[in-house]
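This briefing is meant to be read beside the structure and is grouped by topic.

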Amino acid sequence: MFFLVQATDYNKHRTLLDQMFRLRKRVFFDELGWDVPVDGDVERDGYDDLKPAYLLWTDEDQTTLYGSLRLLPTTGPTLLNDVFRSTYPTDIDLCHPVIWEGTRMCVDTDEIAHGLPDVAPQDAMAMMLVALGECALEHGIHTLVSNYEPHMKRIYNRAGAPLIEIGKADGYGRRPVCCGLFEVSRTTIDGMRDKTGMAQLYVKNSARRSRQPVKGGAWMIGSPAPAGTAWTNAI
Amino acid sequence: MVNKRDLLEAAYGIVDSTDDVQSILDQIRDLYGLHHCVFHLGQTKVDALDRPYVKTTYPDTWISRYLLKGYVNVDPVAREGFLRMLPFDWRDLEIDETAMEMMMDAAQYDIGANGYSVPVIDRSARRSLFSVTSQLTDTAWDEFLAAHAGDFQEIAHRIHRKALADLHGDIDPMPPLGPREIECLMWTARGKDYAAIAEILGLSGHTVRGYLKSARFKLECATLAQAVAKAVSLKIISG
């Protein structure tokens, strides 16, 4: 299942986030050789201190992590602006509350092979992209700015995700790191669903799902508890 | 009936022409037919007094009650608003028993049936929270948000900058326009629409819209026409 974890739920999902920081170290430092800060077996940088939202892909019990991505709005400090500043001065320095940057997208191929044997490795990233698109659309995000290695373009294509490359920087890892814009709209998400046959991977409010309904109803100010409040959405 | 674009333009006009944040909130509330508005600037290191910066249209009786009962430690909007990064409907909040007590109390003070909050973060990582409440009930509120949630996100950032100016007398400059943003503005000035600019620059229409959205936001304008005029007057592009 795919869901967002914001800082309100970091503690609740501490072990998943720990798995994420370790996965990021293995993927970005060990495998891709990116110049990222590593402390022991985890990779974490200053942008993780800004209370980003993380899109997580886990098993149904929310105990094993399959993949993750970090989301921050471009009105605040952005990794991409800082990283690409040297090569592409201000081209990617977009700034708007509905333009977000997605960084550190990765999947754990071992855990996926073990827990989701039906998911081919090349489909795993495509699933992340479909879920990311659905998540962005759900939360009113208009455009995603992301960085990726050149070969990822094939994966975006496979997922039917319209990606416009707007910059490329050398010296961050072994291969160049590209920066692209990913358009989020009902049309593009439907296109991705058609192309991949995958739909509704992202589940809103699922970080907070509980097996018991919230005692006393969900909302009391002057109105009866509406249908579709937090816990009911999550089941 | 005022159309949607005119509303955002009017909101920008209010922020532009008013220095007092309280008065901005009063006017935004009336403009959108809201029940109440609240703006809360996060703790800043610069603020030696550690005095919270909160402006609101809530009735004084509720504010006194809120302070008296120490609700700031219970209030799920305040508690979660500075942790969340994405805007949220208050129906998505996790309400525990103490919060429920506060909510029932709040209902007596008529603060509104529904609420929506926009977390703000700026380039210096300063945070604030802008919330609006309404007497609309669920279906009508959903429709209202579908139409105006985007406006509130922009308005929240504009008020954030006003509050920083109010508090510290100066604010960070907006980030400079990038070359693509400038190109898109220049072609807009020459009368080209999204599709034409996309073709000229070899980009998708959506990408052009993204660049223009960002350029307009950086120039602090509600409409593209105003952004073009401002870019010309600042000599960023030639007229």
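Six residues of domain 1 of chain B are in contact with five residues of domain 2 of chain B, in what is a predicted model. The two domains span residues 4-168 and 179-233 of chain B, respectively, and their C-alpha centres lie 31 Å apart.

**Domain contact in chain B**

- On the side of domain 1 of chain B that touches domain 2 of chain B, the elements that give two or more residues are helix 1 and helix 6 of chain B.
- Helix 1 of chain B gives the most to this side of domain 1, with four residues.
- Sorted by class, the residues on the side of domain 1 of chain B that touches domain 2 of chain B comprise two nonpolar, no polar and four charged.

**Packing of helix 1 against helix 6 in chain B**

- Helix 1 (residues 4-17) and helix 6 (residues 138-168) of chain B pack with their axes 10 Å apart and at an angle of about 10°, which means that helix 1 of chain B is roughly parallel to helix 6 of chain B, since angles under 35 degrees count as such.
- Helix 1 of chain B makes this contact through B:Lys4, B:Leu7, B:Leu8, B:Ala11, B:Tyr12 and B:Val15, while helix 6 of chain B brings B:Ala147, B:Asp151, B:Glu154, B:Ile155, B:Arg158, B:Ile159 and B:Lys162.
- Taken by class, the residues of this contact between helix 1 and helix 6 of chain B are eight nonpolar, no polar and five charged.

**Contact between chain A and chain B**

- Between the chains, 43 residues of chain A are in contact with 44 residues of chain B.
- Strand 5 (65-73) and strand 9 (177-183) of chain A are the elements that give two or more residues to the side of chain A that touches chain B.
- That side of chain A has 22 nonpolar, 16 polar and five charged residues.

**Nonpolar cores**

- The largest nonpolar core has 67 residues, and those with the most contacts inside it are A:Tyr54, A:Leu55, A:Leu56, A:Met128, A:Leu129 and A:Ala131.
- Helix 4 (residues 121-138) of chain A supplies the largest share of this core, 11 residues.
- Leaving aside residues up to four places away in sequence, A:Leu55 touches A:Phe2, A:Leu4, A:Ser68, A:Leu69, A:Leu71, A:Ala131, A:Leu132 and A:Cys135.
- A second, separate core of 35 residues includes B:Val15, B:Tyr32, B:Trp90 and B:Tyr116; B:Val15 is also one of the residues through which helix 1 of chain B contacts helix 6 of chain B.

Definitions and conventions
Residues numbered from 1 in each chain as written. Chains lettered and ligands numbered in written order. Predicted model: local features only at pLDDT ≥ 70, side-chain atom pairs only at ≥ 80, totals over all residues. Axes fitted to C-alpha atoms, helices over the stretch in contact; angles between N-to-C directions. Parallel < 35°, antiparallel > 145°, perpendicular 65-115°, else oblique. Contact = placed C-beta atoms within 7 Å. Nonpolar A, V, L, I, M, F, W, Y, C, P; charged D, E, K, R; others polar. Domains from an automatic or database assignment. Core = buried A, V, L, I, M, F, W, Y, C linked by C-beta atoms within 7 Å. Buried ≥ 20, exposed ≤ 12 C-beta atoms within 10 Å, placed from the backbone.
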